[in-house]
Amino acid sequence: HAISYRACFKPQLPRFFIETLTHPGDTMYDPFMGRGTTIVEGALFGRKVIGNDIHPLSKILTQPRLHPPSVEQVGRRLAHIRIGKRSSASSDLSMFYHPRTESEILSLRCYLERREAAGREDHIDRWIRMVATNRLTGHSKGFFSVYTLPPNQAASRENQRKINKARRQKPEYRNVKELILRKTKSLLRNVTDDQIERLSAAGESAMLLTAGAWHAGLIRNDSVDLVVTSPPFLDTVNYAKDNWLRCWFNHIDLKDVEKRLTVVRSVGAWTLAMEKVFHELHRVVRPDGVVAFEVGEVRKRNLRLDEIVVPIGLKAGFRCAGILINKQRFTKTSHIWGVGNNRAGTNTNRIVVFQKPH
């Protein structure tokens, strides 16, 4: 699960509901898939999985982990990828990367583009793409970039120049292939053969969509046993601009993503958007099926979104079984942002649990 993404929850959250409320072979769904935490957890426990996210990056980060290659396969593939001297990117990235590193990134980007265009991209290529996407920027030597923001949020070019000036730093050379292989070893280190078999089995039947959460028309009526998800918290996170560099690497049109994402400032607009989502959830969830809808406290803890969500779910035809409040322990990310434990709502999960009546 060590694939960073903005506003992702810990795997223990979906795991609790999977173990408590489902059985092997049951179907799980996450309409706001993000980095794929719910999907991967469901697969690890032998559940059928359906994921959806309107941001194309979500599928790029999720699909490869349902078909994990071996470290040896990744090493051999990397050895065959030609890393030549490439001209600079169309946009200036010199504030992030050493010239040699930038050249290697551009070569890898070009290789992946060619493989996909030719219909030859396989599970090993997709894995390499996923790991490289995750390694583009970060705050240690395990990333391709000079020291910058945490990997789930890319700094703008202007802000990175300011960071470099304040820290009196300039990009050092990073070996792209070595870092991809190192991260691959880390991701697969504790994964057993049995878990890989379950991931691959789930991957064969997995449905990963790139659509609006309010219209997942490919999912059959009354077919989902459990939903575990977390929607955008109004305009708290900008999923487009925070991922601008990842979009560039994967040839994703940032402007198109910005148009499609649900980013609203008012509670009224957010409520209308979630009403459409819950109407669709009521269609796909089976009678007695459960929706665990994780939200949080925003705007300096003055707005508890769980209190907004309850009447939305009731209006859609669900019954509210309860609200779980999970106070997490102090996190590394909170420390980076200078946020004390539970002082700004960043470490608190508020999960509204709904059930669809017969």
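I take a residue as buried when its relative accessible area is under 20%, as exposed when that area is over 50%, and as partly exposed in between, with a 1.4 Å probe and protein chains only. I keep in mind that this is a predicted model, in which local features need pLDDT of at least 70 and side-chain atom pairs count only at pLDDT 80 or more, while totals for chains, interfaces and linings use all residues. Residues are numbered from 1 along each chain as its sequence is written, and side-chain values use heavy atoms, with hydrogens and water left out.

**Entry 1, the chain.** I looked up the burial and found that 53% of the 358 residues in the protein chain are buried. The chain has 14 helices and nine strands, both taken as DSSP runs numbered from the N terminus (helices H or I, at least four residues; strands E, at least two). With contact meaning heavy atoms within 4.5 Å, I noted that 76% of the contacts between residues at least 6 apart in sequence join residues at least 24 apart.

I found helix 4 (residues 71–80) packed on helix 6 (residues 123–134) at an angle of about 85°, with the axes 10 Å apart; the axes are lines fitted to C-alpha atoms over the stretch in contact, and angles run from 0 to 180 degrees between N-to-C directions. The two helices are therefore roughly perpendicular to each other, a label given to angles of 65 to 115 degrees. From helix 4, Gln73, Val74, Arg77 and Leu78 meet His123, Ile124, Asp125, Trp127 and Ile128 of helix 6. By class, I recorded five nonpolar, two polar and two charged residues in this contact, where Ala, Val, Leu, Ile, Met, Phe, Trp, Tyr, Cys and Pro count as nonpolar, Asp, Glu, Lys and Arg as charged, and the others, Gly among them, as polar.

The structure holds one cavity of 30 Å³ or more, and about 50 Å³ of space lies in the largest cavity, a volume being the space filled by probe spheres set on the points, which are joined across faces, edges and corners. Its lining includes Thr133, Pro151, Asp242 and Arg246, and helix 6 and helix 10 (244–249) each supply at least two of the lining residues. I counted the lining by class as four nonpolar, six polar and two charged residues.

Technical notes. Angles under 35 degrees count as roughly parallel, over 145 as roughly antiparallel, 65 to 115 as roughly perpendicular and the rest as oblique. On a 1 Å grid over the protein atoms alone, a cavity is a set of points where a 1.4 Å probe fits but cannot get out, and a pocket is an open set with protein on both sides within 12 Å along at least five of seven lines; lining residues have an atom within 4 Å of a point.
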